[in-house]
Amino acid sequence: MSEYPVTVENLAKSFYDESRGEVRAVDEISFECRPGQIFGLLGANGAGKTTTLRLLATILAPTGGTARLMGHDIREEPEEVRRNLGFYSASTALYPRLTARETLHFFARINHYPDRDRESRVSYLIDRFGLGSYVNARIDKLSSGMKQKVSIARTVVHDPPVLIFDEPTVGLDVLNALEMQQVLGEFRTEGKTIIFSTHIMSEAERLCDRIAIIHSGKILACDTLESLREATGCRYLEDIFVKYVRGEHVRPTVAGG
C-alpha cells in the first residue's frame, strides 16, 4: 500500500466480554486517506467507527495490524503520531475553569507548538472562529455553540496535517451542524487530511470525497460516492449503505478517487 498521510493495514482490536466472549470491535481493516480530502467512515452505532479512530489516535492499542500517520507507526511512535494529529469528538471535554484563551494556549503548549509563534496562532484562531467577545470567559459560562468553536480551535491549534472528527455534529442544532460542515470544508481546502465518522447519511453525501462503510468491525466497501452508486445501482447513500449491510449482491469496486 502506498504511503499516504494515513495508511491503515489489517488493523484489529478485540475485547473480552463476559457474556459474549471475544468481541472483534475492529476486524482487520485496511484503507488509506489522502491529503486535501475528507474520508468518511460510515456506520451505525456500534459498528466500530469510534474504536477505529481511537486506535489511530493512539488512545487504544491494537491487537493486530497497524497504521501509520505521516509516516509514523501508531505502535512504535505514538508521540509523533499525536503531534501530527488533531482529534475532535462531540464528547471531548474542555476544562471548565479555564478561559477560551487559556484553553488554546494550554493545548498549543502540550502539543509542542513553537513558543515564539503561539500567541499569533491563538490570536488567529480567536479571530477565525469569532471568539473575541468570549475569549476571556470561563468555559463553563459559554453556550454549547461557543464551546463547540473553542473545541474545534483546540483541535487545530498546533496546525496538525491530519484531523479526526468523530461524529462531531451529534447533539448540535441545525445551524451549528451546518457551521461544523463548513469548517470541515475549509480544512479540506487547506490541504488537511480529514477522517470524518458519522451515521448521518446526508452529511457524508455532502462532505466526503471517499467513503468506507463499516459494519460489525469490517469494512464492506471503500470508494467514491459515484463508484458506490455504480456498484449498487442506488443513488442515495442511505440505500447504498443498507444494501451493503444486508449483504445484497453488488458489483465489485476498485477504490479510487
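Strand β4 (residues 64-69) and strand β5 pair in the antiparallel sense over two bridges in this predicted model. Helices (H or I, at least four residues) and strands (E, at least two) are DSSP runs, numbered from the N terminus, and two strands are taken as paired if DSSP finds at least two bridges between them. Within the pair, Arg68 has Asp73 of β5 as its bridge partner, and Leu69 has His72 of β5. The hairpin of β4 and β5 has two residues between the strands, and Met70 takes a positive phi near 50° there. On its other pairing, β4 runs antiparallel to strand β1 (residues 6-17), to which five bridges join it. Ala12 stands opposite Gly64 in β4.

These strands belong to an open sheet of four strands with antiparallel pairing, in the order β2-β1-β4-β5. The edges are formed by β2 (21-33) and β5 (72-73); each has a single partner strand, so one side of each is left without a neighbour in the sheet. In a regular strand the side chains alternate between the two faces of the sheet.

An open sheet of six strands, with mixed pairing, has the order β6-β7-β8-β3-β9-β10. Here β6 (85-89) and β10 (218-223) stand at the edges with a single partner strand each, so one side of each lacks a neighbour in the sheet. Neighbouring strands of this sheet are turned by 15° against each other on average, direction ignored. Axes are lines fitted to C-alpha atoms, for helices over the stretch in contact, and angles run from 0 to 180 degrees between N-to-C directions.

Strand β9 (residues 210-215) and β10 run antiparallel and are joined by five bridges. Ile213 stands opposite Ala221 in β10. Helix α8 (residues 225-232) packs on the sheet and touches β9 and β10, where contact means heavy atoms within 4.5 Å. The direction of α8 makes about 110° with that of β10. Helix α5 (residues 144-156) lies across β6 and β7 (162-166) and runs at about 160° to β6.

Residues are numbered from 1 along each chain as its sequence is written, and side-chain values use heavy atoms, with hydrogens and water left out. As the model is a predicted one, local features need pLDDT of at least 70 and side-chain atom pairs count only at pLDDT 80 or more, while totals for chains, interfaces and linings use all residues.
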